[in-house]
Amino acid sequence: MNPLVSDPFVDFLLRDVLDVDALCKLPAFKSHSRETIDPWFAACRRVAREVLFPSYRAIDSEPPRFEGGRVFVHARMHDAWRELVGLGAISAVSELPLTVTTLSSAYLMAGNCAAYGFAGLTAGAAHLIEAFADEQLKATYLEKMQSGQWTGTMALTEPHAGSSLGDVTTRARPTDSGHFLISGAKIFISGGDQDLTENVVHLVLARIDGSPAGSKGISLFAVPKRRPSTSLGLNGGVTRLEDNDVQVSGVIHKIGWRGLPSLALAFGDEGNCHGWLVGAPNQGLRCMFQMMNEARIMVGVNGAATASVAFHESLAYARERKQGRAIGNPDINSPQLPLTEHADVRRMLLRQKAIVEGSLGLLGLTARYADVAMHGVDEAEKARAKLLLDLLTPIAKTFPAEKGFESNALALQIHGGYGYSSEYLPEAWLRDQKLNTIHEGTSGIQALDLLGRKVVAGGGAALMALREELEVELGRAKFDVSALRSAADRMVELTGALGARGASGDLDGMLGHSSDFLEAMSVVVVGWVWTRLANAVASRDDDFARGLRAAAQYWLRTEVTRVPALATLCESAERSYLELKESWL
Ligand SMILES: Cc1cc2nc3c(=O)[nH]c(=O)nc-3n(C[C@H](O)[C@H](O)[C@H](O)COP(=O)(O)OP(=O)(O)OC[C@H]3O[C@@H](n4cnc5c(N)ncnc54)[C@H](O)[C@@H]3O)c2cc1C
């Protein structure tokens, strides 16, 4: 049975690297301890392995049906949803440390990303309401969403406004009754309709009439599919729901995450779609951005989880499948060897392990900074955690997605010709994984954010904090870390040079190679993670510790050594595509 994610690795990460016991001493988490966290993990692992994963292939093979204007999900999605709600997958997110839910949700995502998608989206939408809505809205929506009676969506994207959300044109007209009349078209809205629950609450970005153009004029609204018909008072108690003029205008035929419908939605075609403001007018993007670190970490978790389940599948396959003989053995009568005996297969397995566990380590550390930034008691420690969180987030989102795709391709490759058939699962996870480089800000947008903002903000304060954290681990290491130390120094030097170029007005010269910069920074950051993981098992000599040391050595010797070439490329501002004319293509 595929474990989806390695229990020994996650337990080690929580205890020996992330020190979750210390985290539980913060006042915000004082009701938690190993006594609550261990059963939580046990429950997540059970639901992931016994409910979500067994239904994965069936749900992937038969996407939701769109009939009579309504969307019907796979019958087994109903069981999955019931179990996820019963588990507390929606409500737990607001109670447990993010460090914990980051790792526990990896199991659920690895089991069935589409099924978990409903819970993750509902938790995200509920969190926005909890953080920014007024008391009446909270009373109407929060409990219904957190208990799984209603689901939630994020309705941001429009046909002409994807990466560029400042171009959103969905309209919100004020009325005298407290609500706004919403009209416009959204696209790709995941979970935008379903037959799991009686209602869906869309968190919609729209522009109030008269608001400024661009991102400064966008507001956030709660727009239910069916609106509560009576004034509810502060104690909630919805009595009747009526249609709120939100129509499904089309279904996206996706290549992955096929159990979760992504839809085109029409709001207010009949002029009767009510929306309620969440947060202050024109602050919609600011509200979304406050949740963005978390949302991006969760996309990274999906990248790690999707790579993880495929890694474990290919590892089991490579142990069992026998093919060929050792190099130099001409005896055709000798038995064939398991794939794991071939060095090139071990290369692919070790690379997957380095990507998967390096990603989980990175996500755990990033989530821990988020917990301390939000709930720490020491102001200086909080500020430092916030700096590191902001810097690490684009990397924690992009590295597991981009390298996870490569890792998923290796899992398929290890299956040989069988991997290229739909009889085996790696092809499905490869399709699922691709989305993670696209949604919640494409990799290209993350790269611009990292180089254009995060590393240069505050005179490079976050980068210097990261360099200090790295130095602590380098100082502890009992193995050769010289390549990582010099790669990190090179990145600091490069950032200074590119920042100066940008300050002089040469933005192309600064940002032209932002994707290469993101890749180089990611390799260094994951080198820091691997050094930290290897340091944490320095005194052990069992197979688990040897495996971590092998992966750390692999990363530092084969990946980190490529950083100088990438840095030179960024600094050279090589201009092939900067000067390219579209007509030359
Ligand atoms: C399966 C799926 C589910 C989704 N679910 C949701 C959802 O639930 N809610 C929601 O609101 N949206 C959702 N989305 C939409 C998703 O967030 C967008 O697809 C994404 O933001 C990219 O927007 P776009 O598709 O318009 O691509 P574009 O923005 O047109 O980008 C196309 C390419 O151009 C590049 N590019 C764009 N602008 C720039 C720039 N300024 N500089 C450099 N490069 C640039 C991008 O990196 C990308 O490679 C979903 C999408 C998919 C595919």
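This is a dialogue on reading selected features of a predicted model.

Colleague: Start with helix packing. What describes two packed helices?

Modeller: Two packed helices are described by the angle between their axes and by the distance between those axes. In this model, helix α9 (residues 343-375) and helix α10 (residues 379-414) have axes that come within 7 Å and cross at roughly 155°.

Colleague: Are α9 and α10 roughly parallel or roughly antiparallel to each other?

Modeller: An angle over 145 degrees counts as roughly antiparallel, and α9 and α10 are therefore roughly antiparallel to each other. Their crossing is left-handed. The residues of the contact of α9 with α10 divide into 20 nonpolar, 7 polar and 5 charged.

Colleague: At what angle do helix α3 and helix α5 pack?

Modeller: Helix α3 (residues 34-61) packs against helix α5 (residues 98-111) at about 20°, and their axes are 7 Å apart. Angles under 35 degrees count as roughly parallel, so α3 and α5 are roughly parallel to each other. The crossing in which α3 passes α5 is right-handed.

Colleague: Now the strands. Which strands does β6 pair with, and in what sense?

Modeller: Take the partners one by one. β3 runs parallel to β6, and 6 bridges join the two. Within that pairing, Thr151 stands opposite Val200 in β6. Strand β4 (residues 171-174) also pairs with β6 in the parallel sense, over 2 bridges, and Ala172 has Ile208 in β6 as its bridge partner. Strand β7 (residues 219-224) runs antiparallel to β6, again with 6 bridges. There, Leu203 stands opposite Ala222 in β7.

Colleague: How many residues of β6 are buried?

Modeller: Strand β6 (residues 199-208) is mostly covered, with 8 of its 10 residues buried.

Colleague: Where do the side chains of a regular strand go?

Modeller: In a regular strand they alternate between the two faces of the sheet. For β7, Ser219, Phe221 and Val223 point one way, while Leu220, Ala222 and Pro224 point the other way.

Colleague: Which way does strand β12 run against β7?

Modeller: Strand β12 (residues 274-278) runs antiparallel to β7, and 3 bridges join them. Ala222 has Trp276 as its bridge partner in β12, and in β7 Ala222 is also the residue that Leu203 stands opposite.

Colleague: Is Asp245 buried or exposed?

Modeller: A residue counts as buried if 20 or more other C-beta atoms lie within 10 Å of its own. Asp245 has 20 other C-beta atoms within 10 Å, so Asp245 is buried. Phe188 has 19 other C-beta atoms within 10 Å and is therefore partly exposed.

Colleague: And where does His32 lie?

Modeller: His32 lies in the loop between α2 (20-23) and α3. His32 has 20 C-beta neighbours inside 10 Å, so His32 counts as buried. Sequence separation and spatial separation can be read for a pair: His32 and Ala123 are 91 residues apart in sequence, and their C-alpha atoms are 20 Å apart.

Colleague: Last, the ligand. How many residues surround the ligand, and which are the closest?

Modeller: The ligand is surrounded by 19 residues, and the closest are Leu156, Gly162, Ser163, Thr442 and Gly444. By class, this shell has 9 nonpolar, 9 polar and 1 charged residues.

Definitions and conventions:
Residues numbered from 1 in each chain as written. Predicted model: local features only at pLDDT ≥ 70, side-chain atom pairs only at ≥ 80, totals over all residues. Axes fitted to C-alpha atoms, helices over the stretch in contact; angles between N-to-C directions. Helix = DSSP H or I, 4+ residues; strand = E, 2+ residues; numbered from the N terminus. Parallel < 35°, antiparallel > 145°, perpendicular 65-115°, else oblique. Left-handed = near helix turned anticlockwise from the far one by under 90°. Nonpolar A, V, L, I, M, F, W, Y, C, P; charged D, E, K, R; others polar. Near = placed C-beta within 6 Å. Buried ≥ 20, exposed ≤ 12 C-beta atoms within 10 Å, placed from the backbone. Pairing = 2+ DSSP bridges.
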